[in-house]
Amino acid sequence: MTTTATLTERYISATIRSLTPEVQDDVRAELEGSIADAIDARLDQGEAPADAERAVLTELGDPGILAAGYADRPLHLIGPKYFLVYWRLLKVLLWIVPACAFAGVVLGQLLDGAPTGTVIGTAVAATIGSIVHVGFWVTLVFFILERAGADTGVKWNVDQLPEPTQNGAGRADAIASLVFLLLGVGAVFWDASFGFFPTDGAPIPILNPTLWPWGITFFLALFVAEALLAVVVYAHRRWTIGAAAVNTLLAVVFAAWSLTLLVRGELLNPEFLSYVFTDSGVTEETMRILAVITGFCLVAFPVWDIIDGWIKTVRARRG
């Protein structure tokens, strides 16, 4: 003959079954006593026994949650102890890893001579895969740290408080932009006047001399426009949507113009290419790889310039 377990017995059984055998008896005794006292208190107030028992167990809540409290077992994936470290690391990796994966796959596919569709499809798939892997593995590591109770070693103290910063564009940014642009202009003139590539005799120019005067003039005009943009941004003490849009336009024009010249064979000096082919023993395949890398850089740097401008704009608007 079997007897039907009461709600209290069922509740206690559900609570202690996930606990270690060493503590089950103690928890059972504690729960039996506390539940009985709570039921007696309600009975003294005139409640029916069945209603009193149901009300007490309802107030105690889910037995799984109660058991987690007894076992000191967290019921969250990443708790407050590790969350800020986890979130900061995850954001940094999601900024860096997918971008590097995309750029690396694009460069590798281009060097392999893959068609455009294959390059785009493979790069996008690799980027999505890198995002998934970063999210999964970083979360898994901190999940294990949470459950193991390990110490990440990251301790906060007041010395880590950041210095107050202005939301606008600083003088250092403007000076750095102008210096970089001046170095670029100087490099173009040096290449045209003295040559950059060393030979057994006099150095030879790397850029095609036929770009003078109009091609180089257009190139220098882009540099001047970038310099003026840096001055305007500094004068306003912040990046604006207009400044970011102009910066994007300049970067796109530079990338499109330089890539067009590279593909048409008008960017590099034929004498430079001839010297590399005949005197240096460089194969045609090596030159193709160098051309791909050059084209990749002509796109990568403007793209980063565009992204950097919009990031600064968003930060300035938030500020």
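**Note on salt bridges and a nonpolar patch**

1. Arg-42 is buried, at 19% relative accessible area. The cut-offs are these: buried is under 20% relative accessible area, exposed is over 50%, and partly exposed lies in between, with a 1.4 Å probe and protein chains only. Glu-47 has a value of 26%, so Glu-47 is partly exposed.

2. A word on the basis. This is a predicted model, where local features need pLDDT of at least 70, side-chain atom pairs count only at pLDDT 80 or more, and totals for chains, interfaces and linings use all residues. Residues are numbered from 1 along each chain as its sequence is written, and side-chain values use heavy atoms, with hydrogens and water left out.

3. Arg-42 and Glu-47 join their side chains in a salt bridge, with 2.8 Å from N to O. The term means a side-chain nitrogen of Lys or Arg within 4 Å of a carboxyl oxygen of Asp or Glu. By this rule, there are four salt bridges. Arg-42 and Glu-47 also belong to a network of salt bridges that takes in Glu-59.

4. Next, Arg-264. Its partner in a salt bridge is Glu-266, and the closest N and O atoms are 3.0 Å apart. Arg-264 counts as exposed, at 55% relative accessibility. Glu-266 is partly exposed, at 30%.

5. Asp-308 and Lys-312 form another salt bridge. Their closest N and O atoms are 3.1 Å apart. Both residues sit in helix H11 (residues 284-318). They are four residues apart, so about one helical turn separates them. Helices here are DSSP runs of H or I with at least four residues, and strands are runs of E with at least two; both are numbered from the N terminus. Asp-308 is partly exposed at 22% relative accessible area, and Lys-312 is partly exposed at 27%.

6. Now the surface. Val-92, Trp-95, Ile-96, Val-299, Val-303, Trp-304 and Ile-307 make a nonpolar patch of about 670 Å². Helices H5 (80-111) and H11 are the elements that each give two or more residues to this patch. Patch residues have over 30% relative accessible area and no salt bridge; nonpolar side chains (Val, Leu, Ile, Met, Phe, Trp, Tyr) are joined within 5 Å, and like charges within 9 Å. Areas come from the Shrake-Rupley method with a 1.4 Å probe, and for residues only the protein chains shown count as cover.

7. Which helix gives the largest share of the patch? H11 does, with four residues. Val-92 lies in helix H5. Val-92 is partly exposed, with 44% relative accessible area.
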